[in-house]
Amino acid sequence: MTSAPRRDFYQRIAKLNAAPLWEVLSEIVGARPNPASLPWLWRYQEMRPFLMESGELITAREAERRVLMLENPGFPGGSRITQSVYAGLQLVLPGEFTNSHRHAASAVRFIIEGEGAYTAVDGERATMHPGDLILTPSWTFHDHGNPGSAPVVWLDGLDIPIVNFFDSSFAEHLPDEATQDAVHSAAPSFAFPYAPARAALRDQSLHACHGAKMEYLSAAGTSVTKTLGAFLQFLPAGFKGAAYRQTDSTVYCVAEGSGSSRIGDGMFPWKARDIFVVPAWCSVSHAAAEDAVLFSFSDRPAQKALGLWREQVPVYKS
Ligand SMILES: [Fe+2]
């Protein structure tokens, strides 16, 4: 209980826009991470009908990007899936094309459903297939189109909350008619096709927590963006991973197979195309009922660059 003289003092210094640190020190300088985000799982079969319904409500042109954001229940209305990362499911219907724009935020996109759409980045075009990772680096012009015959859906991951935390957001939009004069490229540097990434996992030994896990790297050997890193991991049927925790809250998308993850005290069964999120410093262990492949992304490169990233592998006691 705060004493009357102290309360009086706080009120007087508040008029000078000052406040006593000692009242909030343990809250703002926590002994360990205390994320507001919660573990959560979005079942694709539950999300898909709403995504398709959104396709009848608004065109991709009018929406600019037709996306259902995945909002962490710890941040209702917060336009984010974790404190630092935005995620959403984007739909481009057959015959739809989006305008070109660019922004300070970087994007990683994991293709969930449908063949034949493309992403153009600064004049180069990459066709999108399920399981592919497509990047949009910061401040590169990009647009999407679907000249195919089936709806195409992907998971968008962006560092929007990081950019906005630093108040460093810029964006430019080209008019609708001004699509990029893009050429198809056989191997654009911003596209990581699924098949070779999946094949590379076969040569990896199994980690007790992660199974066979690899990070996608640029040609220069760096994480795919300066803020967001992307990963692919294989869990063989029957795999029961040990618990671990890391300071990078992580978004997972199930590329193949089925299994379950214990996140904190909750059990989250998953199957292909489901998306789940593990908050910072929350213990997680993955188990595979059948051969499974998990795509994931997080702000690990940003945390490492700032000297903040930590992990505990495995967690014996949480
Ligand atoms: Fe964009």
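In the protein chain, the mean position of the 27 positive charges and that of the 33 negative charges lie 10 Å apart. The structure is a predicted model. The protein chain exposes about 15700 Å², and carbon and sulfur atoms supply 55% of this area.

## Overall fold

Seven helices and 23 strands form the secondary structure of the protein chain. Its radius of gyration is 21 Å, close to the 20 Å that the globule rule gives for 318 residues, so the chain is as compact as a globular protein of that length. The C-alpha trace spans about 70 × 50 × 40 Å along its principal axes.

Of the 318 residues in the protein chain, 48% are buried. Among contacts with a separation of 6 or more, 74% are between residues 24 or more positions apart.

## Iron site

Three histidines coordinate the iron ion through their NE2 atoms: His101, His103 and His142, at 2.1 to 2.2 Å. The spacing of these donor residues in sequence is H-x1-H-x38-H. His101 belongs to strand β4 (residues 101-103) and His142 to strand β9 (residues 142-145); 41 residues separate the two, and the pair links distant parts of the chain. Both His101 and His142 are buried.

Terms used:
Residues numbered from 1 in each chain as written. Predicted model: local features only at pLDDT ≥ 70, side-chain atom pairs only at ≥ 80, totals over all residues. Heavy atoms only, no water. Helix = DSSP H or I, 4+ residues; strand = E, 2+ residues; numbered from the N terminus. Rg over C-alpha atoms; globule rule 2.2 N^0.38 Å. Buried < 20%, exposed > 50% of the residue type's maximum accessible area, 1.4 Å probe, protein only. Contact = heavy atoms within 4.5 Å. Areas by Shrake-Rupley, 256 points an atom, 1.4 Å probe, with all protein chains shown as cover. Lys, Arg positive; Asp, Glu negative; His and termini not counted. Charge placed at Lys NZ, Arg CZ, Asp CG, Glu CD. Donors = N, O, S within 2.8 Å, 3.2 Å for Na, K, Ca; no water.
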